[in-house]
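Reader: I am new to this one and would like to understand the words used for it. Could you show it to me and then let me ask about them?

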Amino acid sequence: MKTIYSLMFTVAVTFLAIFSFSNVSFAAGESQYDLIDGKQVSTNANDPKVKHIYYTGDEQGNEVRLGFTTNQKIDDYINNEKKLEKESNVDSNFQTLGSGTCCTDFYTGDNKSGSYRAVRVGYAISDITYSWGRSWNDVISSISTASQGTTYLYQHEYSSGGYIRFNNAYYWGKTINLSNYKFSNGVSANNNASSVYVLH
């Protein structure tokens, strides 16, 4: 019996020695965020700390997924972004299917199809069932944003549950299909919104 324990101990020490003095490393996976709290990240080590997700675009027009660990950090980022942001340049021939630059339009179908409801910048629908009727709860599938401000979708009424934010200036003139996005808690944003806000 002592021989078995001695052998097990020798094997354990040998493995420790090999991994302690070699360059072997177990790399973590790639982060799902382009930045976390405004900083570049090389691995997914800090991904679990992310509580807030904000979608915007970079100078080349690419979609950027930003993660933030606190509400204060995301608010500070958005406020700073607004100071730096210029009016979005959209071709004057661009035709919106909905209400235009003033509002974010929420559609029941993909690619801005089906019925839609508009929310003007500066307004909120804190309970979709109460304001628009039960048939509108958990059915939003696509969005056409206003040209300014930020569009929020929440999983539950009164800004509760998981949520997602979009920079309107970047997405103005584009279609957001919610089947491509998840709320901050990992739940699909498609057909799952119960409150929406379009803020300055």
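**Reading the terms**

Author: Let's start with C102, which is partly exposed at a relative accessible area of 24%. Before you ask more: this is a predicted model, where local features need pLDDT of at least 70 and side-chain atom pairs count only at pLDDT 80 or more, while totals for chains, interfaces and linings use all residues. Residues are numbered from 1 along each chain as its sequence is written, and side-chain values use heavy atoms, with hydrogens and water left out.

Reader: Why is C102 called partly exposed?

Author: Buried means under 20% relative accessible area, exposed means over 50%, and partly exposed is in between (1.4 Å probe, protein chains only). C102 has 24%, so it is partly exposed.

Reader: And what makes C103 buried?

Author: Its relative accessible area is 5%. That is under 20%, so C103 counts as buried.

Reader: How many disulfides are there, and by what rule?

Author: The count is 0. A disulfide is a pair of cysteine sulfur atoms within 2.5 Å.

Reader: How do you know that K73 and D37 form a salt bridge?

Author: The term asks for a side-chain nitrogen of Lys or Arg within 4 Å of a carboxyl oxygen of Asp or Glu. The closest N and O atoms of K73 and D37 are 3.4 Å apart, so the pair qualifies. K73 lies in helix α2 (residues 71–84) and D37 in the loop between β1 (35–36) and β2 (39–40), so the bridge ties together parts 36 residues apart in sequence. Helices (H or I, at least four residues) and strands (E, at least two) are DSSP runs, numbered from the N terminus.

Reader: How many salt bridges does the whole structure have?

Author: The search finds 2. One of them joins D75 and R165, with the closest N and O atoms 3.1 Å apart. This pair links helix α2 to strand β10 (residues 160–167), 90 residues apart.

Reader: Are D75 and R165 buried or exposed, or in between?

Author: D75 has 26% relative accessibility and counts as partly exposed, whereas R165, at 2%, counts as buried.

Reader: What makes β2 and β7 edge strands?

Author: Two strands pair if DSSP finds at least two bridges between them. The open sheet has 8 strands in the order β2-β1-β4-β3-β10-β9-β12-β7, with mixed pairing. β2 and β7 (123–125) each have a single partner strand, so one side of each is left without a neighbour in the sheet.

Reader: How do you know that β9 and β12 pair?

Author: Strand β9 (residues 150–156) and strand β12 (residues 195–199) share 5 bridges, in the antiparallel sense. The cut-off is at least two, so they pair.
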